[in-house]
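Hi,

Here is the structure I said I would pass on.

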Amino acid sequence: MAQPYQLESRRLGAQWTRGFAVHLSLLVFVAVFGVGAAQAEFDDEEGDDDVERVVVGSPRVGIPQSGGSESETRQKVTIELPDRDANVCRSDPTRGPEMVVIEGGHFWMGSLYGDSDEKPVHKVAVQPFALGRCEVTVAEFSVFVEDTGHVATADSGDCRAVNEEGTTFVDGVDASWRNPRYPEVAQVAAMPVVCVSFDDALAYTQWLAARTGRPYRLPTEAEWEYAARGGTTTPRYWEVYRRASQCDFANGADQDAKSRFTERSSVECADGHVVSAPVGTYRPNAYGLYDMMGNVWEWTADCWHGAYDEAAPEEGDCSQRVVRGGSWFYGPMGLRSAKRSKDDPARTYNSVGFRVARTH
């Protein structure tokens, strides 16, 4: 193909060629940025700490207002991540989870560089809602069980738990939400409840709604990602700080995990936890939400669909429900705002829990 192109270029002249190259470059630039890719998830490799990121999250951070275009209203804003509050989510469990009101807006959902089920990146509108500041704890779930007599899916002991090698999850270890059989770690009241199915999580939200008279529910997948990003467009919300350590913000596979599970890939830092950590152990995102990455996977309300395209039915495959956020079992690739997974609504793992949402 190169030779005919060179002959044609010579015939048209060097000046035309230069003009054509400039025009082609402009077309490529417009095509890429015209589909919103400039505002989709990205991961810079250069720069300094506290870098200003292009953010699309709400009217206050660059969403087009009446008649405006995105290119006219995009802004650079500095995202500030709060310090950890040692007392967060430690109040009376009978009062239910602490909630954070999230203002509505638009954002670009998915990832240009992630798995196939994270594409195509698409713009989503989110209405104002409230989300649990932390994952539902063992103590909070216990109040529900004591009040209702609810028999959880894994009460018979058939929750899947990590094996001794830390390489996969196995049956037959008599694990349940009361005792998830963590290697060398005891379950405590402030830990996120695990070994709960989608049906258990849904039952908890229905009980909470009936008890309070307020519209509690599970978050939608779009609400979850919008909240997890906290206004950022980086794969992980703490990456607005160039040299931030995963171990300050998320419970994932690290050197502590590697000391127990030698075959696990991990980051170089250590956070003091091999499996689940008590909620609120790490720093929150910009919305004040804790453990949106790592610690435990979280059930969402959505039925599964394998890609973000118009061909996928809106309701998806309801024999599979979406889980988000990754867990203590995963390295960095599993701890991303756009990361998605799915499971049978009746299946339970000692790495899967949930947090509640509420219509605002």
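**Helix H6 and what follows**

Helix H6, residues 221-229, is mostly covered, with nine of its nine residues buried. The list runs Glu-221, Ala-222, Glu-223, Trp-224, Glu-225, Tyr-226, Ala-227, Ala-228 and Arg-229. Keep in mind that this is a predicted model.

Arg-229 is worth a click. This arginine lies in H6, and its relative accessibility is 4%, so it counts as buried, the cut-off being under 20%. Its C-alpha sits 9.3 Å from that of Phe-107, although 122 residues separate Arg-229 and Phe-107 along the chain. Just after H6 comes Gly-230, which takes a positive phi of about 60°.

**The chain overall**

Stepping back, there are eight helices and 14 strands in the chain. Of the 360 residues, 52% are buried. If you take the contacts in the chain with a separation of 6 or more, 71% of them are between residues 24 or more positions apart.

Helix H5 covers residues 198-212, 15 residues in total. From its first C-alpha to its last, H5 reaches 21 Å, close to the 21 Å expected at 1.5 Å a residue. Its buried residues are Phe-198, Asp-200, Ala-201, Ala-203, Tyr-204, Thr-205, Trp-207, Leu-208 and Ala-209.

At the start, a side-chain oxygen of Ser-197 comes to within 3.3 Å of the backbone nitrogen of Asp-199. Just after the helix, Gly-213 has a positive phi of about 75°.

As for H4, eight of its 11 residues are buried, so this helix is largely enclosed by the rest of the structure. The buried ones are Val-138, Ala-139, Glu-140, Phe-141, Ser-142, Val-143, Phe-144 and Val-145. H5 is included in what covers them. After H4 comes Gly-149, again with a positive phi, near 75°.

How do the two helices meet? H4 and H5 pack at an angle of about 75°, and their axes are 11 Å apart. Angles of 65 to 115 degrees count as roughly perpendicular, so H4 and H5 are roughly perpendicular to each other. On the H4 side, the residues involved are Glu-140, Phe-141, Val-143, Phe-144, Asp-147 and Thr-148. They meet Asp-200, Ala-203, Tyr-204, Trp-207 and Arg-211 in H5. Sorted by class, this contact has six nonpolar, one polar and four charged residues. When you look at the spacing of the contact residues, remember that an α-helix has 3.6 residues a turn, so residues three or four places apart point the same way.

On H4, Glu-140, Phe-141, Val-143 and Phe-144 are buried. On H5, Asp-200, Ala-203, Tyr-204 and Trp-207 are buried.

Most residues other than glycine have a negative phi, and most peptide bonds are trans. A few places here go the other way.

- Lys-119 and Pro-120 are joined by a cis peptide bond, with omega about -5°. Pro-120 is in the loop between strand S4 (105-109) and strand S5 (122-126).
- Arg-181 is not a glycine, yet its phi is positive, about 60°. You will find Arg-181 in the loop between strand S8 (169-175) and H5. With a relative accessible area of 38%, Arg-181 is partly exposed.
- Asn-295, also not a glycine, has a positive phi of about 65°. Its place is in the loop between H8 and S10. Is Asn-295 buried or exposed? Asn-295 is buried, with a relative accessible area of 0%.

**Ser-266**

One last stop. Ser-266 is in the loop between helix H8 (255-260) and S10. Its side chain makes a polar contact with the side chain of Gln-255, at 3.4 Å. Setting aside neighbours within four places in sequence, Ser-266 is in contact with Ala-253, Asp-254, Gln-255 and Lys-258.

Cheers

Definitions and conventions:
Residues numbered from 1 in each chain as written. Predicted model: local features only at pLDDT ≥ 70, side-chain atom pairs only at ≥ 80, totals over all residues. Heavy atoms only, no water. Expected span 1.5 Å × (residues − 1). Buried < 20%, exposed > 50% of the residue type's maximum accessible area, 1.4 Å probe, protein only. Polar contact = N/O pair within 3.5 Å; in protein donor to acceptor, adjacent residues only side chain to side chain. Axes fitted to C-alpha atoms, helices over the stretch in contact; angles between N-to-C directions. Parallel < 35°, antiparallel > 145°, perpendicular 65-115°, else oblique. Contact = heavy atoms within 4.5 Å. Nonpolar A, V, L, I, M, F, W, Y, C, P; charged D, E, K, R; others polar.
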